[in-house]
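Here is a friendly walk through one protein model. Have a look at the sequence and the 3D view, then read on.

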Amino acid sequence: MMLRKQPPPTPAQPPPPGGSVSTVLRVLDVRNLTLLAVLAALVAVGGFTEPDQFLSTDNLTLVLTQSSVIGVVTVGMTFVITSGGIDLSVGAIVALSTVWATTVATQEYGAGGILFCAVAVGVGCGLVNGLLIAYGRMVPFIATLAMLASARGLALLISDGKTQVVDSKTVLELGYEESYILGVPPLVLIFAGVTVLGWLLLKRTTFGRRTVAVGGNAEAARLAGIDVRRHRLYLYLLSGLCCGIAAFMLIVMTGSGQNTNGNLYELDAIAAAIIGGTLLSGGRGTITGSVLGVLIFTTITNIFALNNLQSDAQQIAKGAIIVAAVLVQRRPSGTTET
């Protein structure tokens, strides 16, 4: 019997020349690349229309600082929307937190008392929302709408419709240029820290995976052993915590507490999360996309202000970008988030 001669082993094929590029694209996500392109286009427009003002260091620092407060709120909103919920009360919670934290009684405890009070009020409101939704079985829209009205009313009652000025030098100094770290305002660093922690929590932890699971299919998540009600409670506590942090940042920015603070924050945060790629129906969330959405909206506002354009045109532009971003980003995908 003759034995066939075995063919020599085929040498390993080198990876395709574009392999590394495709890997990078998968990591960055097409949605985020689209948002980066939109942001780059806006920067180009701002640089073209008002090059001396828009591209100045002071103005770019201002854009980042203005993005910080609503950005922190948006991080918490992203978690809530990813789970299939909604929080319409974030702006009112910010207002109540700033007012409660700047009363004469609270300011007697200094910067620590102001920070603690702002965070405590935010978490307390988040606790009420979470209990009503998770254990009271109320629809998130109704529960948070009720909180919106109640928090605004309580803020008005406490402040008597007046602006409460902050006397603490420690708090006010955080907004001065002398407190910048390597040229970066402390508020921007806080925003960056919250963003990184939010990304890690959503992307790299069991808590994040459970959030996506609850938003994708709450019943399946329950059958898999997830305590859905308790997890939803935690999510609204997280949203309230972000509102409390944002309230303290707003106090530093404005040096005061007002019942009108945080006006329309809920709409801005929801819009930023949605154009960033977070599904309104739940099951997919992206912190990176949400932050890019915040930067896009803040840049639009800044460009319109520098060019002395009317606010109505600004709102129309924002609406057009929301529609365009959602249409461009519509494509079949799983629950991967970055």
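Start in the loop between β1 and α9 (169–173), which is where V166 sits. Keep in mind that this is a predicted model. V166 has a relative accessible area of 3%, so with the limit for "buried" set at under 20%, V166 counts as buried. Along the chain V166 is 59 residues away from Q107, yet their C-alpha atoms are 7.6 Å apart in space.

D167 belongs to the loop between β1 and α9 as well. Is D167 buried or exposed? D167 is exposed, at 62% relative accessibility.

## V80, a residue in helix α4

Now hop over to V80, which is part of helix α4. The relative accessible area of V80 is 0%, so V80 is buried. If you trace the chain from V80 to L238, you cover 158 residues, but in space the two C-alpha atoms are 8.6 Å apart.

## The largest pocket

Helix α4 turns up again here. The largest pocket has a volume of about 610 Å³, and 22 residues line it. To find its centre in the 3D view, look for I70, Y265, D268, T301 and K318, the lining residues that lie nearest to it. Which elements give two or more residues to this lining? They are α4 (57–82), α13 (228–254), α14 (265–275), α15 (287–306) and α16 (311–329).

Of these, α14 gives the most, with 5 residues. As for what kinds of residues make up the lining, 12 are nonpolar, 8 are polar and 2 are charged.

L132 sits in helix α7.

## Two loop residues with positive phi

Next come two spots where the backbone does something worth a look. D160 has a phi near 55 degrees, a positive value in a residue other than glycine. You can find D160 in the loop between α8 and β1 (164–165). With a relative accessible area of 55%, D160 is exposed.

The other spot is L264, with a phi near 65 degrees, again positive and in a residue other than glycine. L264 lies in the loop between β2 (256–257) and α14. Is L264 buried or partly exposed? At 43% relative accessibility, L264 counts as partly exposed.

## The salt bridges

Side chains of opposite charge can pair when their charged atoms come close. How many salt bridges does a search of the whole structure find? It finds 2.

One joins the side chains of R222 and E219, with a distance of 2.5 Å from N to O. These two residues are 3 apart in helix α12 (residues 218–223), which means that about one helical turn separates them. R222 is partly exposed, at 46% relative accessibility, and E219 is partly exposed too, at 42%.

The other salt bridge is formed by R230 and D227, whose closest N and O atoms are 3.9 Å apart. The cut-off for a salt bridge is 4 Å, so a distance of 3.9 Å falls within it. R230 has a relative accessible area of 40%, which makes R230 partly exposed. D227 is also partly exposed, with a value of 37%.

Terms used:
Residues numbered from 1 in each chain as written. Predicted model: local features only at pLDDT ≥ 70, side-chain atom pairs only at ≥ 80, totals over all residues. Heavy atoms only, no water. 1 Å grid on protein atoms, 1.4 Å probe; cavity = no way out; pocket = protein on both sides within 12 Å on 5 of 7 lines; lining within 4 Å. Points joined across faces, edges and corners; volume = space filled by probe spheres on them. Helix = DSSP H or I, 4+ residues; strand = E, 2+ residues; numbered from the N terminus. Nonpolar A, V, L, I, M, F, W, Y, C, P; charged D, E, K, R; others polar. Buried < 20%, exposed > 50% of the residue type's maximum accessible area, 1.4 Å probe, protein only.
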